[in-house]
Amino acid sequence: MWIIPVLLIIGFAIGYFLDVPFNFVPGIYLALIFLALLDSITYGLVRDLEGRKGNNGPVLIRLVIGLAIGGFIIYFGQKSGIDLNFVALLPLALGFALNLYKFLPK
Amino acid sequence: MKRNEKTRTGRPLSAMTLLLSIALGVMLSLPFKVIHEVGGEPLPSESRQEMLNRMSKLEEENEQLRTEIEQSRANISQLEGSLMADQETSAELSDALTRYRILAGLDPVHGPGIRLTLSEQTSEVPQSTEVAPYLIHQEDLLNIVNELWLAGAEAIAIRSRGRTERLIMASTIRCVGSLIDVNNTRMTPPFDIFAIGDPDELSNALTMPRGVLEPLQFFNIQWEIVKMDDMELPAYSGLTLLEFAQPVEPGDRE
């Protein structure tokens, strides 16, 4: 488990010292990516800790589906003039919260 | 094959989880990088009222600068006039200069033309219907102005809330939120569009079947055309600077 903070720090260093073009991505989509990553990582950790095998596929599918559906809802909302940002982010936030709940000692 | 980190159960963490952890780290660096780039200073957190006050102050300064530009132009015209008056042969030059200044929108002009008044009737829009199509948009004004130029208008101006903006080749008409920005002046309906030219031709161009005004009636946008024998349009009040465009000398042409 100690590898996770190490990888986070490595990623942090990459993002901080290299010129990652965040400014091309609107703020709401950054929030979506952030939540989708949190949700997928904790989902993967839950599955790993439960001892399941072949978790790469489910984690990737969860990430892609989360991003695709959330992105579509935000895009659709912007085009139709309706603020659907909360609706787009809520499922990912709930997924993240449920994954964290599974970490709690039984 | 590289073996991943083992969990408490003895199974390795999935590669995808590890990869996404790096991506999350990259995302986490974003706020720190932003703070680093703005020099550690907190980002301005002005309230809406403060921003409105600042905008109002800037608009006042803008107005003051416009007045200064108009005064400077009047001085230039006066100096040009006194210079030209001394020379008999300068009459033609003076006429040409006046013509070009009118074409460039730098002098006030008067003449016959039309006044088109456009107004919204959003109060009659059913509650369940979206209001946006019932508002006057930049495209509506641009279409009307294009049609007027095409019909031979020699000078065009748009008036709203007592402010009249003369249109020239560098004029801009664009939506800014719920307002329309004409020559960087914020305007709201109703709009009066003045055009100097043949009143009949201008009027016919706008009211012809399938013309620019016909679609507006479907969205409760009211319009009225008044033909005028004489009207006066102000000069363009913005800056007209030429930084890059240079005249082509006869010798430059192939």
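A residue counts as buried if 20 or more other C-beta atoms lie within 10 Å of its own, as exposed if 12 or fewer do, and as partly exposed in between, with C-beta atoms placed from the backbone. By that rule R161(B), with 11 C-beta neighbours inside 10 Å, is exposed.

1. Basis of the note. This is a predicted model, in which local features need pLDDT of at least 70 and side-chain atom pairs count only at pLDDT 80 or more, while totals for chains, interfaces and linings use all residues. Residues are numbered from 1 along each chain as its sequence is written, and chains are lettered from A and ligands numbered from 1 in the order in which they are written.

2. Chain A overall. Chain A has four helices and zero strands, where helices (H or I, at least four residues) and strands (E, at least two) are DSSP runs numbered from the N terminus. Read from the N terminus, its elements run α-α-α-α. Of the 106 residues in chain A, 28% are buried. Among the contacts in chain A with a separation of 6 or more, 58% are between residues 24 or more positions apart; two residues are in contact if their C-beta atoms, placed from the backbone, lie within 7 Å.

3. The helix pair α2(A) and α3(A). Two packed helices are described by the angle between their axes and the distance between the axes. Here α2(A) and α3(A) pack at about 155°, and their axes are 9 Å apart. That angle makes α2(A) roughly antiparallel to α3(A). Axes are lines fitted to C-alpha atoms, for helices over the stretch in contact, and angles run from 0 to 180 degrees between N-to-C directions; under 35 degrees counts as roughly parallel, over 145 as roughly antiparallel, 65 to 115 as roughly perpendicular and the rest as oblique. The crossing of α2(A) with α3(A) is right-handed, a term for a near helix turned clockwise from the far one by less than a right angle.

4. Residues between these helices. On the α2(A) side the contact includes I28(A), L32(A), A36(A) and Y43(A). On the α3(A) side it includes V59(A), L63(A), G66(A) and G70(A). The residues of this contact divide into eleven nonpolar, five polar and three charged. In this count Ala, Val, Leu, Ile, Met, Phe, Trp, Tyr, Cys and Pro are nonpolar, Asp, Glu, Lys and Arg are charged, and the others, Gly among them, are polar.

5. Strand β1 of chain B and its partners. Strand β1 (residues 109-119) runs antiparallel to strand β8 (residues 222-233), and ten bridges join them; strands pair if DSSP finds at least two bridges between them. H110(B) is opposite E232(B) in this pairing. β1(B) also pairs in the antiparallel sense with β7 (residues 191-196), over six bridges. There, I114(B) has A195(B) as its bridge partner.

6. The three-stranded sheet of chain B. An open sheet has the order β4-β5-β6, with antiparallel pairing. β4 (173-176) and β6 (185-187) stand at the edges with a single partner strand each, so one side of each is left without a neighbour in the sheet. Neighbouring strands of this sheet are turned by 35° against each other on average, direction ignored. Four bridges join β4(B) to β5 (residues 179-182). Their facing residues include V176(B) with L179(B) and R174(B) with D181(B). Helix α4 (residues 138-150) of chain B lies across β4 and β5, running at about 170° to β4(B).

7. Backbone points to check by eye. Most residues other than glycine have a negative phi, and most peptide bonds are trans. The bond from P189(B) to P190(B) is cis, with omega near 0°, and P190(B) is in the loop between β6 and β7 of chain B. R161(B), a residue other than glycine, has a positive phi near 50° and is in the loop between β2 (155-160) and β3 (163-167) of chain B. N184(B), also not a glycine, has a positive phi of about 65°. N184(B) is in the loop between β5 and β6 of chain B and, with 15 C-beta neighbours inside 10 Å, counts as partly exposed. In the hairpin of β4(B) and β5(B), with two residues between the strands, G177(B) takes a positive phi near 65°.
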